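I opened this notebook to keep track of what I looked up, one topic at a time.

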Amino acid sequence: MKIICIGRNYAEHAKELGNEIPKNPVIFMKPDTAVLKKGSDFYIPEFSNDIHYELEVVLKISKGGKYIQAENADKYYDEIGLGIDFTARDLQSKLKEKGLPWELAKGFDGSAVLSEFYKKENFDLKNLSFSLIKNKEKVQDGNTSMMLFSPEKIIEFVSQYFTLRVGDLIFTGTPKGVGKVEEHDILEAFLDDKKLFDLRIQ
Ligand code: MG
């Protein structure tokens, strides 16, 4: 199983980090060891003083393929969920400055938090709200209608480079409002009005 992630897929988030609006999806990956065990707390790693939450809609690939056309791409994923793409922002900034890959800042153990997955037919993926509450305060409020690249476009793009396999996950990018987590924070992730998970920071 591989975890493919899209960066800068919401214009307002690209802007808040001082990045340009990309012409093509910005792609990076997390290893499967990044997945946080269900029910575990998230422990801030010792190599960072600035871990950011990024709440994202996650697609689960249900059919293998390569060179998938956007028109057919909806046949290649059947479930969606929410995930947090935890990012060591201080480390990522250093790597970006030097033009180096982001993996250390993005792919560390526990950096991929996942909800349960749900049949995508139950949702309007073109207009799906999702939000993150931190310590009872709403910090991210996204809607998939604001994506620069739709799930279908993302699948078309990445499958030109990587063969997609059943069980692969695609993090589709985060809306604006990313920020730092501190010890004892409680994060709650909502898809529409339904709470999918909560998470304690240690
Ligand atoms: Mg992200």
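Is aspartate 85 buried or exposed? I found that aspartate 85 has 0% relative accessibility and counts as buried, where buried means under 20% relative accessible area and exposed over 50%, with partly exposed in between, using a 1.4 Å probe and protein chains only.

I noted that this is a predicted model, in which local features need pLDDT of at least 70 and side-chain atom pairs count only at pLDDT 80 or more, while totals for chains, interfaces and linings use all residues. Residues are numbered from 1 along each chain as its sequence is written, and side-chain values use heavy atoms, leaving out hydrogens and water.

Next I looked up the magnesium ion, whose protein donors are Glu54 (OE), Glu56 (OE) and Asp85 (OD), lying 2.0 to 2.1 Å from it; donors are N, O and S atoms within 2.8 Å of the metal (3.2 Å for Na, K and Ca), and as water is not among the atoms, sites may look incomplete. Glutamate 54 lies in the loop between strand S3 (51–53) and strand S4 (55–61), and aspartate 85 in strand S5 (residues 77–85), so the pair ties together parts that are 31 residues apart in sequence. Glutamate 54 is buried too, with a relative accessible area of 4%.

Key. Helices (H or I, at least four residues) and strands (E, at least two) are DSSP runs, numbered from the N terminus.
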